[in-house]
Amino acid sequence: MLKGFKDFIMKGNVVDLAVAVVIGAAFGAVVNSLVENILMPLIAALFGSANFDSFALLTINGVDIKFGVFLTVLVNFLIVAAAIYFMVVMPMNHIIARRNAKLGIKEEEAAVDPQVLLLTEIRDALAARPSGGQH
């Protein structure tokens, strides 16, 4: 029983997943720090407030409907997504493209759907047919 557990734990997928979770948590802290300590203060400097919580506050029968809180969360999401894109995705794509160019690896063209290919051939055949009044 212990051997089976050891084999399960030592599988590459489990170890890779554990490493990814730890690195993801650490990277999450970096992105959160960037957003909270740099980007949000810049937004506060430009707009006078770091959040929109009091914006579009509507009270109906004593119940607060907080559109501004949702707007704050939405803006924070967009800032985090942009930070991840510009700090991770773009540089990684650039590094991969440079590595592939250096190794002479070319991207495979996307496979064409056979139905689309057939319809294209039919369209081209119909276009090449003379249109001398016969249908």
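Visitor: Why is Leu58 called partly exposed?

Guide: Its relative accessible area is 38%. Buried means under 20%, exposed over 50%, and partly exposed lies in between, with a 1.4 Å probe and protein chains only, so Leu58 is partly exposed. This is a predicted model, in which local features need pLDDT of at least 70 and side-chain atom pairs count only at pLDDT 80 or more, while totals for chains, interfaces and linings use all residues. Residues are numbered from 1 along each chain as its sequence is written, and side-chain values use heavy atoms, with hydrogens and water left out.

Visitor: Where does Leu58 sit?

Guide: Leu58 belongs to strand β1. Strands are DSSP runs of E with at least two residues, and helices are runs of H or I with at least four, numbered from the N terminus.

Visitor: Which residues form a nonpolar patch on the surface?

Guide: Leu58, Ile60, Val63, Ile65 and Phe67 do, with about 420 Å² of accessible area together. Two or more of these residues come from each of β1 (57-60) and β2 (63-66).

Visitor: How many helices and strands does the protein chain have?

Guide: There are four helices and two strands, in the order α-α-β-β-α-α along the sequence.

Visitor: What makes the protein chain more spread out than a compact globule?

Guide: The globule rule, 2.2 Å times the number of residues to the power 0.38, is set against a radius of gyration over C-alpha atoms. For 135 residues the rule gives 14 Å, and the value here is 27 Å, well over that, so the chain is more spread out than a compact globule. Of the 135 residues, 8% count as buried.

Key
Patch = residues over 30% accessible without salt bridge, like charges linked within 9 Å, V, L, I, M, F, W, Y side chains within 5 Å. Areas by Shrake-Rupley, 256 points an atom, 1.4 Å probe, with all protein chains shown as cover. Salt bridge = Lys/Arg side-chain N within 4 Å of Asp/Glu carboxyl O.
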